[in-house]
Amino acid sequence: MKQRTKYGIDAPRVVRAYIVFGVLLALPALIDLTWPGSTLIPAPWRIGAALFAALLLAWAAVMLRSSLVGKMRVRDRLVDALALSGEERVLDAGCGLGLALIGCAEKLTTGKAIGIDLWAAHLSDNNPDAAWANAVMEGVADRVEVETGDITWLPFADAAFDAVISMTVIHNIPSQKARDQAVREIIRVLKPGGRIAIFDLLHTARYAEILRQAGLTVESLGCDLLWLWPCRSLLARKPEAGFQAIRRPSGTEVFSW
Ligand SMILES: C[S@@+](CC[C@H](N)C(=O)[O-])C[C@H]1O[C@@H](n2cnc3c(N)ncnc32)[C@H](O)[C@@H]1O
């Protein structure tokens, strides 16, 4: 039997907390409401507690569905928008467990999909071994590389990639200056004529501004309500000529955790 690929749950601690508090609140409220004489929760608060528990559990269900179903659909849309022919070098900036990385690798024949992540422990349990295991499970390991690095300072030469994809990553970078730098790094490593697909929860208007300032054309790939939040997707194209060459700032300006 084929093993199931695991791409993880976004904001796992939040989802866990909603489920735990929801269940802890729902159980006494349900016992009180169904068991005559039970007063685990004072009567005036019982209905409110039951409703609040239902809200927390519904919220957890929406977050789980967004990670397990909604994000897959967005990934497929972004990968399709890159219009890969099979020979490209593709970068997944902040690859996590490889959702977009593997989606791109599945479109490649002689090309390579390279995922980079700094495996920020305070954000998720993502790790390179698990990303690699997913690539093996999906049968694309021969077309995948997983690296460790910071997307605000990509360890790649200028114009090293034909396409770049990034999903729910850049908003995690705490300052606008560093987020701007991450977008500029993505532009720098992209070849003329290449495409960038970005999906994120926040700041997408700013990413579009930085992309346009550098001479790329930007179009919207739509808005999805995931995690009860409107998330936007962008597709940017770097022209063959006429874009602003991106220079990295000096080392002292580099953002670090
Ligand atoms: C919410 S996860 C998304 C992972 C994957 N793109 C996906 O959609 O499943 C965010 C990932 O971005 C990574 N990340 C955050 N800031 C980063 C940075 N500056 N450079 C590289 N990776 C970063 C985190 O380590 C984490 O794996």
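**Exercise 1.** Find out which elements the buried residues of helix 5 pack against.

*Solution.* Start with the terms: helices (H or I, at least four residues) and strands (E, at least two) are DSSP runs, numbered from the N terminus. Buried means under 20% relative accessible area, with a 1.4 Å probe and protein chains only, and contact means heavy atoms within 4.5 Å. The partners of the buried residues are then strand 1 (89-93), strand 4 (161-167), strand 5 (190-200) and helix 6 (204-213).

A word on the model: it is predicted, local features need pLDDT of at least 70, side-chain atom pairs count only at pLDDT 80 or more, and totals for chains, interfaces and linings use all residues. Residues are numbered from 1 along each chain as its sequence is written, and side-chain values use heavy atoms, leaving out hydrogens and water.

**Exercise 2.** Work out how many residues of helix 5 are buried, and name some of them.

*Solution.* Go to residues 176-188, which form helix 5. Of its 13 residues, 10 are buried, so that the helix is mostly covered by definition of the cut-off. Among them are Ala 178, Val 183, Ile 186 and Ile 187, and also the charged Asp 180 and Glu 185.

**Exercise 3.** Compare the reach of helix 5 with its expected span.

*Solution.* The expected span is 1.5 Å times one less than the number of residues. For helix 5 this gives 18 Å, and the reach from its first C-alpha to its last is close to that, at 18 Å.

Technical notes:
Buried means under 20% relative accessible area, exposed over 50%, partly exposed in between (1.4 Å probe, protein chains only).
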